[in-house]
Amino acid sequence: MQLVMDRISKRVGAQTWLHGMDMALHSGAVTVLLGATQAGKTSLMRIMAGLDTPTEGRVRVDGVDVTGVPVRERNVAMVYQQFINYPSMTVADNIASPLKLRGDKGIAERVRALAERLHIDMFLNRYPAELSGGQQQRVALARALAKGAPLMLLDEPLVNLDYKLREELRDELTQLFAAGDSTVVYATTEPGEALLLGGYTAVLHEGELLQYGPTAEVFHAPSSLRVARAFSDPPMNLIAADAAAGGVRMAGGGLLALPQGLPAGSAATGLTVGVRASALRLQARPGDVAVGGTVELAEISGSDTFVHAHTPWGELVAQVTGVHYFDLGTAITLHLAPGEAYVFGADGALLLAPARRGGR
C-alpha cells in the first residue's frame, strides 16, 4: 500500500504537536520514525492509523483520501510499548483472534506457524499473565502479523524489555519484516535500532520532520546538526572551527586538512566539525591528525570501550573496539583521519560529509 501524508499538522490547544510535513511511505518497506521522547512519533503514527485526525493536511492511501476515516474502518495492525493482549484468552486464541474475525480457514496451522517463528509455540495453551514481558510482546507481534494488514505500526515495541531480549527481538523483527509484504512503520528513540532495521528513516524533532530517506543515506549524510545529534549514539563529537587554507582550524588549536575541501561560498567562521565516536582511534594511521588529552571516564559496553577524554578540542568520546582499561587522569592521544570529519555551517546545515567507502 502507498500511504501519503500531505502537509500534516496537529495542534492541541495552544501547543503544536506536529508541524506541517509531507511524507510518502515506501510501499512494502520499513520506515523508522527516529527521535527523542516528544519528537512527535506517536502523534504521527496515530494519524497514520486513523486514531486521530490532523488539524490540517490530508492522508491518502493508494490515492484515496482517508483523512478522518476511523481506525476500525482501516486495515491496520498496531503493536505498542505495553504488552497488550487479551488476558482471558490463551496465547493461541490471542494470535488467532484476527483470523477468526475474518472467518479464515486453517487457523490452527497458521497460529502454530507464527508461534514457531516467534519461538512461543510451547506457550500456546498458557495465558498472558503466565508469560514474561518478552514472551507477551512476542504474542502481540504474532497477533499483528496474523492480521496480515497492509500497514503495520509499531510504537517503540521493545522499549520495556531488558537489553538481551531487545537484541534478540530486533534481529527477529528484521527477518520477519523482510519476509512480509506489509508497509511497516517503526518508532524508536535509538539510532542503533534504525540502522539495524534498515529501510528508510524519518528523523523527527519537536514535531518537525528534519530528514527522510534511505536509512544509510540519512546516517552517513545528515542534512543538519539536529539530524546528526538525533542519529548518533553515542552523541557525535562537535567542535567549533573556522575555515582555513586547505581545511578548518579547530577551536583549541590544530589544522584539520580536508581532502575534499569546503564547498565554494562556505562561511569562513562559525563552523562546526562533527566527529563520530567510532572515527576516533587509539592507534595512528598514515595521514591521521592527533589530539592529546586526559581520560575522564572509560565505560565498557559489550565488546567496545567508550573513552571520555578532556582535550584542547573540548570533551571528546571515542568508541574503541575491544575491552580497554584506563586510570582516570591518564594521558591519552586520539587519532582521526581528516576525511572522516563532517563540517556544518553557521546555520547548522551540512557542508561536507565523509566519502562513503564502496558506496556504502
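Which residues of helix H5 are buried? In this predicted model, local features require pLDDT of at least 70 and side-chain atom pairs count only at pLDDT 80 or more, whereas totals for chains, interfaces and linings use all residues. Residues are numbered from 1 along each chain as its sequence is written, and side-chain values use heavy atoms, with hydrogens and water left out.

The secondary structure comprises 8 helices and 20 strands, taken as DSSP runs numbered from the N terminus (helices, H or I, at least four residues; strands, E, at least two). Of the 360 residues of the protein, 46% count as buried, that is, under 20% relative accessible area with a 1.4 Å probe and protein chains only.

Helix H5 covers residues 163–179, and because its 17 residues should span 24 Å at 1.5 Å a residue, the 25 Å between its end C-alpha atoms agrees with expectation; the expected span is 1.5 Å times one less than the number of residues. Buried in H5 are Arg 166, Leu 169, Arg 170, Glu 172, Leu 173, Leu 176 and Phe 177, and the buried residues of H5 pack against several elements, including helix H3 (107–117), helix H4 (133–147) and strand E8 (183–188).

The axes of H4 and H5, lines fitted to C-alpha atoms over the stretch in contact, come within 11 Å and cross at roughly 15 degrees. The two helices are therefore roughly parallel to each other, a term applied to angles under 35 degrees. In their contact (heavy atoms within 4.5 Å), Gly 134, Arg 138, Leu 141 and Leu 145 of H4 meet Leu 165, Glu 168, Leu 169, Glu 172, Leu 173 and Leu 176 of H5.

Notes. Buried means under 20% relative accessible area, exposed over 50%, partly exposed in between (1.4 Å probe, protein chains only). Axes are lines fitted to C-alpha atoms, for helices over the stretch in contact, and angles run from 0 to 180 degrees between N-to-C directions. Angles under 35 degrees count as roughly parallel, over 145 as roughly antiparallel, 65 to 115 as roughly perpendicular and the rest as oblique.
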